[in-house]
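Subject: Handover of a protein structure

Dear colleague,

Please find the structure below, together with its sequence.

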Amino acid sequence: MSEHEQDHLAIADDFPPPYSDPLSSSPPKWEPQFEDLTPAATLRKSDEMERSPLDPPPECFSVPSPLRIRSHDFPSFRIPSLSDKLIDGFGILYPRALLEKHGITREDWVRFLEDLTVAARLSARGLSAVGSRVPVKPLRTRGPFIMWLPGTIYDAPFRRSPLEEVKALIAVWNESAFERRKLRVTVQVRVEMGKKAGYDLVIESL
């Protein structure tokens, strides 16, 4: 092989391979390593799922937070619902490596996810796990007539939809357990092909 041919091969080796498949170069979608506890949860008896979500309060509501918690230590991730109905609940997926550092144990997280299902099922039956009536406001009277004010209740119970009830329960968990541990959970409707396909829990590090 001549010196010219050797130089040509050396130059050719310095070039990167041709760019042929744009899809192969995209980074994989990030998600945490989950412990999938869904099969064990589905074996529970249905009557065990009819407890009151906040009675007694979860232990993590009163357990002190860890002394040092890093902020923004993981990208947000999602946990999907098992179907397009909230009463079917969410996958019982526990990202141990992420949540343990924030002081949320496996038992805390399983209780949270299962209680969201309980709250949705209670709401479908016209019951509330968080509060069933709007605040009472005094009634104005004008002669023999009663002036009804917005938000005034009488004999009819105040009823939330399953989504509203789940959001209300998540708000309690955020205020009592998650936010002081630099976490926040929200629920979003998942849309695919222009139609509702289910729900996602979005977990953020604050």
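Predicted model: local features only at pLDDT ≥ 70, side-chain atom pairs only at ≥ 80, totals over all residues.

Residues are numbered from 1 along each chain as its sequence is written, and side-chain values use heavy atoms, with hydrogens and water left out.

**The fold**

The protein has five helices and seven strands. Helices (H or I, at least four residues) and strands (E, at least two) are DSSP runs, numbered from the N terminus. Along the sequence, their order is α-β-α-β-β-α-α-β-β-α-β-β. Contact means heavy atoms within 4.5 Å. Among the contacts with a separation of 6 or more, 70% are between residues 24 or more positions apart.

The accessible surface is about 13700 Å², and carbon and sulfur atoms hold 56% of it. Such areas come from the Shrake-Rupley method with a 1.4 Å probe; for residues, only the protein chains shown count as cover. Of the 206 residues, 31% count as buried (buried means under 20% relative accessible area, exposed over 50%, partly exposed in between; 1.4 Å probe, protein chains only).

**The aromatic rings**

A pair of aromatic rings is described by the distance of the centres and the angle of the planes. Rings of Phe, Tyr and Trp (its six-membered ring) pair if their centres lie within 6.5 Å; planes under 30 degrees apart count as stacked, over 60 as edge-to-face and the rest as tilted. The structure contains eight aromatic pairs. In one of them, the rings of Phe74 and Phe77 have centres 5.7 Å apart and planes at 50 degrees, so this pair is tilted. Phe74 is buried at 7% relative accessibility, and Phe77 is buried at 4%.

The rings of Phe112 and Phe178 have centres 5.0 Å apart and planes at 90 degrees, so that pair is edge-to-face. Because Phe112 lies in helix α4 (residues 106-124) and Phe178 in helix α5 (residues 162-178), the pair ties together parts that are 66 residues apart in sequence. Phe112 is buried at 0% relative accessibility, and Phe178 is also buried, at 0%.

**The nonpolar core**

In soluble globular proteins, nonpolar side chains tend to be buried together. A nonpolar core is a set of buried Ala, Val, Leu, Ile, Met, Phe, Trp, Tyr and Cys residues joined through side-chain atoms within 4.5 Å. The largest one here has 36 residues, of which Trp109, Phe112, Phe178 and Leu201 touch the most other members. Helix α4 gives the most to this core, with nine residues. Leaving out residues up to four places away in sequence, Leu201 touches several residues, including Phe77, Phe112, Leu116 and Val187.

Beyond its neighbours within four places in sequence, its contacts include Asp73, Phe74 and Ser205.

Arg159 is in the loop between β5 (145-147) and α5 and is exposed, with a relative accessible area of 54%. Residues up to four places away in sequence aside, Arg159 touches Ser123, Ala124 and Gly126. From C-alpha to C-alpha, Arg159 and Gly126 are 6.1 Å apart in space, although 33 residues apart in sequence.

With kind regards
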